[in-house]
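Keep the viewer open as you read.

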Amino acid sequence: MSKVVILNHPLIDHKMTKIRDKRTGTKEFRESVSEVGGLITYEITRDLSTRAKTIETPICETTAYELEKQVLIIPILRAGLGMVEGIHNIIPTAKIGHIGLYRNEETLEPHVYYSKFPKDIKDSVILVVDPMLATGGSASKTIDILKMNGACDIRYVGLVGCPEGVARLQKDHPDVSIYLAALDDHLNEKGYIVPGLGDCGDRLFGTK
Ligand code: PRP
Ligand code: URA
């Protein structure tokens, strides 16, 4: 069974309040989604392995540490794009792949329309990023595709999840840890998370 971590951090909760509030405009919404992406990533990368390296400071030679594995950020388009800048600020050496999926509004099934990944996917630590874990269909399909391309060290990073999405992802991908800023109550009949934050892609890009 995969690990589920709800961050429960005061700074994240504070920013999530802005993100959830329907009065928050596009600029502040976009900035806050990006910032929370960075804060979550800082917390969940504590266990990344490092390798020792000898360097010279202006004072003397010393042993310092750098990340051992390449990190790949894989945003699920569109809404995952909103988290990328904040995460990339924390891990500037990360490479970025993209996967384009949208949910059919009636069936809620994900449809893939685009994918492009860096070559070294097999040996990398992969962060699949998408603010919303609703039915879990989009995240699960993305991880299917990444695994078909050789990925084996995958973490899911989101803002808001619900029990239905967490259960689906745990069932389909028990090896993938799930990190969320918040776990909400339930999904409504239209597949939206309650209380949630509405349609994240539309709020990020001003499309409604
Ligand atoms: C939203 C969201 C997730 C997906 C989650 O994207 O960004 O990718 O829904 O829902 P699920 O867990 O039920 O699959 P959407 O399909 O609305 O596309 P968009 O980002 O292009 O707006
Ligand atoms: N996608 C969103 O943008 N919001 C939800 O609540 C569910 C899926």
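Is tyrosine 102 buried, partly exposed or exposed? With a relative accessibility of 47%, tyrosine 102 counts as partly exposed, since buried means under 20% relative accessible area, exposed means over 50%, and partly exposed is what lies in between (1.4 Å probe, protein chains only). Before going on, some ground rules: this is a predicted model, in which local features need pLDDT of at least 70 and side-chain atom pairs count only at pLDDT 80 or more, while totals for chains, interfaces and linings use all residues. Residues are numbered from 1 along each chain as its sequence is written, chains are lettered from A and ligands numbered from 1 in the order in which they are written, and side-chain values use heavy atoms, with hydrogens and water left out.

Back to tyrosine 102, which sits in strand β6, residues 98-103 (helices, H or I, of at least four residues and strands, E, of at least two are DSSP runs numbered from the N terminus). Together with Tyr113 and Tyr114, Tyr102 makes a nonpolar surface patch with about 350 Å² of accessible area. Patches here take residues with over 30% relative accessible area and no salt bridge, joining like charges within 9 Å and nonpolar side chains (Val, Leu, Ile, Met, Phe, Trp, Tyr) within 5 Å. The areas come from the Shrake-Rupley method with a 1.4 Å probe, and for residues only the protein chains shown count as cover.

Around it you'll find Arg103, Met132, Ala134, Gly191, Tyr192, Ile193, Gly198, Asp199 and Cys200, each with a heavy atom within 4 Å of the ligand. A polar backbone atom of isoleucine 193 is 2.8 Å from an oxygen of ligand 2, and a backbone N or O atom of cysteine 200 is 2.8 Å from an oxygen of the ligand. Glycine 198 uses a polar backbone atom too, 2.8 Å from a nitrogen of ligand 2. Of the 240 Å² of accessible area that ligand 2 has on its own, the protein covers 89%.

What about salt bridges, where a side-chain nitrogen of Lys or Arg lies within 4 Å of a carboxyl oxygen of Asp or Glu? The structure holds 15 of them. One joins aspartate 47 to arginine 155, with the closest N and O atoms 2.9 Å apart. Aspartate 47 is in the loop between α2 (26-44) and β2 (50-56) and arginine 155 is in strand β10, so this pair ties together parts 108 residues apart in sequence. Aspartate 47 is partly exposed at 47%, whereas arginine 155 is buried at 9%. The side chain of arginine 155 also places a polar atom 3.0 Å from the backbone oxygen of isoleucine 44.

Another bridge pairs lysine 147 with aspartate 175 at 2.8 Å, N to O. Lysine 147 belongs to helix α4 (residues 137-148) and aspartate 175 to the loop between α5 (163-172) and β11 (177-183), so the two link parts 28 residues apart in sequence. Finally, Arg51, Lys53 and Glu66 are linked in a salt-bridge network.

Note on methods. A polar contact is a pair of N or O atoms within 3.5 Å; within protein, one must be able to donate a hydrogen and the other to accept it, and residues adjacent in sequence count only if both atoms are side-chain atoms.
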